[in-house]
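Colleague: Thanks for sitting down with me over this one. Could you walk me through the model while I have it open?

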Amino acid sequence: MELLVHGVGGATASGMLADPRTERVTGDNTAGIHRCAADRDAESRPEDYRDEPVREAYVWSHLTSGNGSRALWLVLLPFMVVNLAHWMRPTAESHGRTARAYGLLVRLVALSLTVLLTAAVCEVTLDLTAWQCAGTPACASGKDWLGFMSPARGGWWSQPGRRLALAAVVPAALTGLLWLLSHRTWSAYESQQPADTTADACGPEPGAHRPALCLPGFWYGRRIVARLRAAHTAAALLTIAAALAQAATRYDRAQGGSGALDATGWALAAALGAAALLVLAAVCRRGRSERTADGATDRATVRGLPAAALLLLVLAAVHAAWSRPGWVSHGMLPGDRAFGLLVLAQGALVVLLALAARRLHRAAPVARTPLGGLAGPAVAMLACALGGVMSGGVAQRIADWLDGRATPGMGDGPIDGPPVLLSWQAAVIPPLLVALLLLALHLFVRALRVRRSILRTVPDGYPGERPDATRTGVIAGVIARAGLTDSAPWIVGAAAALSLTLGACAVAGSWTTRDVPGEAAEGTPGIVENTAQTAQALGSWLVGAAFVLLLTWGRRAYRDPAARRTIGILWDVGTFWPRAAHPFAPPCYAERAVPDLTWRMQTWTEHTGGRLVISGHSQGSVLAAAAVWQLTPEARGRVALLTHGSPLERLYGRWFPAYFGPEQLTDLHGGIRCWRNLWRLTDPIGGPVRLPAGTGPEVDCGPLRDPLSYGRTAEHPLPAPVLGHSHYQEDPAFARERAALLARLPAQDSAGRSSG
C-alpha cells in the first residue's frame with residue numbers, strides 16, 4: 001500500500017488519488033483516509049496488487065482550514081508565535097536544568113502576553129470608554145450608548161466605579177470565550193489517545209538519547225494544556241480585578257476617601273497578590289510529560305484557580321461600584337506605569353531566555369542552526385512585539401474613534417487617549433520598518449547576483465538542447481528566489497534585535513518625558529521635532545491600519561473559502577507543535593493527525609503483513625516522519641518513507657534542532673527499513689535531508705530537473721512548467737523511487753508472514 005499525506009494549503013481525495021470516484025474508508029469529516037472506489041476491498045484481492053500498490057490518501061486539511069470560525073484564530077497570532085519559541089530550544093543532552101529553565105522562561109513570556117492582551121482590552125473598555133469618554137460631556141454627547149453612564153444625567157451608573165464595573169464585563173467575557181475555545185479544542189485535539197503500541201516505539205529503554213518524537217506522551221498534551229488554561233484564565237481575570245481595584249483604592253487613599261473602603265481595598269489587594277502567586281506556581285510547575293501518556297488533569301488547579309479568580313473579580317467589581325458620591329473621573333487611569341513594567345518584564349525574560357539558549361547551543365552546537373541557537377528567544381521577542389502592536393492598534397483606533405481627533409495619536413481631542421507608552425511604541429514602528437525594508441532590499445540584490453551567477457549553469461542540466469536566454473532567465477530566477485528561504489534568519493534576527501532595542505527606547509522615552517513623542521520634542525531643532533511628530537502620527541496610523549487589516553482579513557476569510565485556505569497555510573506551519581507554552585494558541589493538529597497515521601500504519605501492517613510506503617509532501621512529510629517515529633520496531637520493518645518537497649531539514653532541522661536535528665534524523669533513518677527524499681533547486685520550502693556521511697543508504701535523491709524539459713521535445717511538445725514546490729508525483733523519479741522502496745521491503749508469503 002501507498003499512504004499519501006498532503007502538505008500545506010489542503011487537498012482533496014480525488015485530486016490526490018487522481019480519481020473522481022473515491023470513498024472514505026475510515027475517519028470523519030475533519031480528517032479521514034480515502035481510497036478509490038475500485039480499491040475498497042483490496043485486502044481480499046492481494047494478488048491484484050503485487051505490481052502496483054493500493055493507494056490511500058489521508059486528508060487532514062479541515063484540521064486547520066475548516067469552517068469560517070477558524071479565521072478568528074488570527075487574533076491569537078502572538079500566542080501561536082510564542083508557542084513556537086518553546087520548540088526552538090537547542091539540544092540539551094547534558095544540561096537538563098538549563099533546558100527546564102528555558103521552558104519555564106517561555107511559559108512566563110506566554111503568561112505575560114495573556115496579561116498584555118487583557119490589559120489592552122481593559123484599556124479600551126475601562127479607561128478610554130468608561131472612564132474618559134463616558135466621564136467627559138464633550139465625548140459622551142452624541143453617543144446614545146454611553147448616555148446612561150454620563151455624569152450629566154446623574155443616573156445610578158454615572159459614578160466612575162460603577163461605570164468601570166459595568167465595562168469590566170467585556171474583558172471578562174473575552175476571557176470566557178478564550179477559555180471556551182481552548183477547552184473545546186483541548187477535547188478534540190489534546191485528548192486524542194495515542195496508539196497502544198507507542199510505549200515500545202523508543203525501544204525497551206526510552207532514555208534521553210532517543211528522539212523525543214518517539215516517546216508515547218509527546219502527542220498527548222492533555223495535562224499541561226488543562227493546567228495552563230486554568231492559570232492563564234485566572235491571570236486574565238486577576239488583571240481585570242486589579243484594574244478595578246487600583247482605580248477605586250487610588251480614590252479611597254486620597255484625602256476625603258473612606259477608611260472602611262480603603263481597608264477593604266488593602267485586603268482585596270492582598271488577596272489578588274496571593275492569587276497571582278498561585279498562578280505563577282501553576283505556570284512554574286514541571287512542563288510537559290512526554291515519557292508516558294499522562295492522563296491526569298490536576299483537578300484542584302484546573303477548577304479551583306479560575307473559580308477563585310472569578311470570585312475575586314466579582315468582589316473587586318462590588319468594591320468599585322460601592323457608592324462614592326464625591327468621585328469624579330478625570331485624566332486617564334494609572335495604566336502607563338503598568339504597561340511599562342510589563343514591557344520591561346518581557347524584555348528581561350527574553351534576555352534570560354537568550355542566555356539559556358546560548359548556553360545550550362555552546363554545549364552541543366548543531367550545524368546550520370540559525371542565529372547561533374538564539375532562534376527561540378528571537379521568535380519570543382517577535383511574539384511580544386506582535387502583542388504590543390495589536391494592543392496599541394486596538395487602543396489607538398478606539399481612541400481615535402471615540403474622540404474624533406483630526407490627527408491620529410496627537411492627543412488633540414476631548415479625551416487624553418491611551419497611555420503615553422503606546423504612542424511611543426507606535427512611533428518606533430516607522431524606523432523599524434525602514435530598517436527591515438533596507439535588509440529586504442539587500443537580500444533582493446543578493447538574489448539578483450545569484451541569478452546572474454547561475455545563468456551559465458542552467459543549460460548544463462539539459463544536454464543536447466539549444467540554449468534559450470529567456471527560458472534560462474526564468475529558471476535561474478526561480479532558483480534564486482527559492483534560495484531566499486535560507487535568508488529568513490537574517491530577517492527574524494534583525495526584527496527581534498530592533499524590537500528589543502526600540503522597545504527599551506520607547507519605555508525610557510515615555511518614563512523620562514511623560515509625554516507623547518511629538519510634544520516631548522517641542523523646542524528641539526526643527527528636523528528633530530518634525531521627525532518625532534511624523535513618526536508618531538505615521539506609527540499611530542500604521543498600528544491602527546494593521547489592526548483594521550487583521551479584522552478585514554478575518555472577515556474575508558470567514559466568507560471566502562479560498563482566503564480561508566490561505567490562512568490555513570499559516571496555521572499548517574505554526575500549529576504543528578503541541579501547546580506547550582500557551583493554552584490559548586490555535587490547537588495542534590498533529591495531536592490528531594499523528595495518532596491517525598500511526599494507528600493506520602500499525603494496524604494495517606499487523607493485519608495484512610503487507611508492505612507500506614508512506615508518501616508525504618511538504619508538511620505532510622513532517623507528519624509522516626512523526627508518525628513513523630511512533631511505530632513499534634516491528635511495524636517500522638514493513639514501512640518505507642518517501643518524502644518530497646520536504647522541509648524536514650531545511651526548516652524543521654534548522655529551527656527545531658532538539659527534535660529534527662541531524663542526530664534525530666539519523667535515528668529515524670536507522671530505525672526504518674528504507675527512506676528516500678526527492679527535492680528540487682526550484683523548491684522554496686523543500687530540500688535535502690543532509691544526513692551525515694556513513695549513516696547507511698543514501699536518502700537524498702536530487703536535485704531533480706525542473707522543469708522536466710528545457711524546450712519542446714517529443715515527450716513534451718508544449719513548454720513544461722517550472723513546478724517548484726508542487727506536483728512531485730509528475731516526475732518519473734517519483735514512481736521509480738516508490739517501486740524501489742517497495743522492492744526493498746520484505747515480501748509476504750502465502751500465509752501472510754514476512755519472508756525477508
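Colleague: Which residues does Ser487 touch, not counting residues up to four places away in sequence?

Modeller: Happy to start there, with one note: this is a predicted model, where local features need pLDDT of at least 70, side-chain atom pairs count only at pLDDT 80 or more, and totals for chains, interfaces and linings use all residues. Residues are numbered from 1 along each chain as its sequence is written, and side-chain values use heavy atoms, with hydrogens and water left out. Ser487 sits in the loop between helix H15 (469–482) and helix H16 (488–513), where helices (H or I, at least four residues) and strands (E, at least two) are DSSP runs numbered from the N terminus. With contact meaning heavy atoms within 4.5 Å, Ser487 touches Leu443 and Arg446.

Colleague: How many salt bridges does a search of the whole structure find?

Modeller: Side chains of opposite charge can pair when their charged atoms come close. The criterion here is a side-chain nitrogen of Lys or Arg within 4 Å of a carboxyl oxygen of Asp or Glu. Applied to the whole structure, that search gives 22.

Colleague: How many residues apart in sequence are the parts that Arg227 and Asp298 tie together?

Modeller: Their side chains meet in a salt bridge at 3.9 Å, N to O. Arg227 lies in helix H8 (residues 222–252) and Asp298 in the loop between helix H9 (259–284) and helix H10 (299–321), so the pair ties together parts whose separation in sequence is 71 residues. Both Arg227 and Asp298 are buried, and the separation you asked for is 71 residues.

Colleague: What is the N to O distance in the salt bridge of Asp262 and Arg253?

Modeller: Asp262 counts as buried, at 18% relative accessibility. Arg253, at 40%, counts as partly exposed. Their side chains meet with an N to O distance of 3.4 Å.

Colleague: What is the N to O distance for Asp41 and Arg45?

Modeller: Asp41 is partly exposed, with a relative accessible area of 40%. Arg45 counts as partly exposed too, at 22%. The salt bridge between their side chains has an N to O distance of 2.9 Å.

Colleague: Zooming out, what radius of gyration does the chain have?

Modeller: The chain has 26 helices and eight strands, and its C-alpha atoms fill a box of roughly 95 × 60 × 50 Å along the principal axes. The radius is taken over C-alpha atoms, and the globule rule is 2.2 Å times the number of residues to the power 0.38. With 756 residues, a compact globule would come out near 27 Å, which agrees with the chain's value of 29 Å.

Colleague: Last one: what percentage of contacts between residues at least 6 apart in sequence join residues at least 24 apart?

Modeller: For background, 55% of the 756 residues count as buried. Among the contacts you describe, the share joining residues at least 24 apart is 79%.

Definitions and conventions
Buried < 20%, exposed > 50% of the residue type's maximum accessible area, 1.4 Å probe, protein only.
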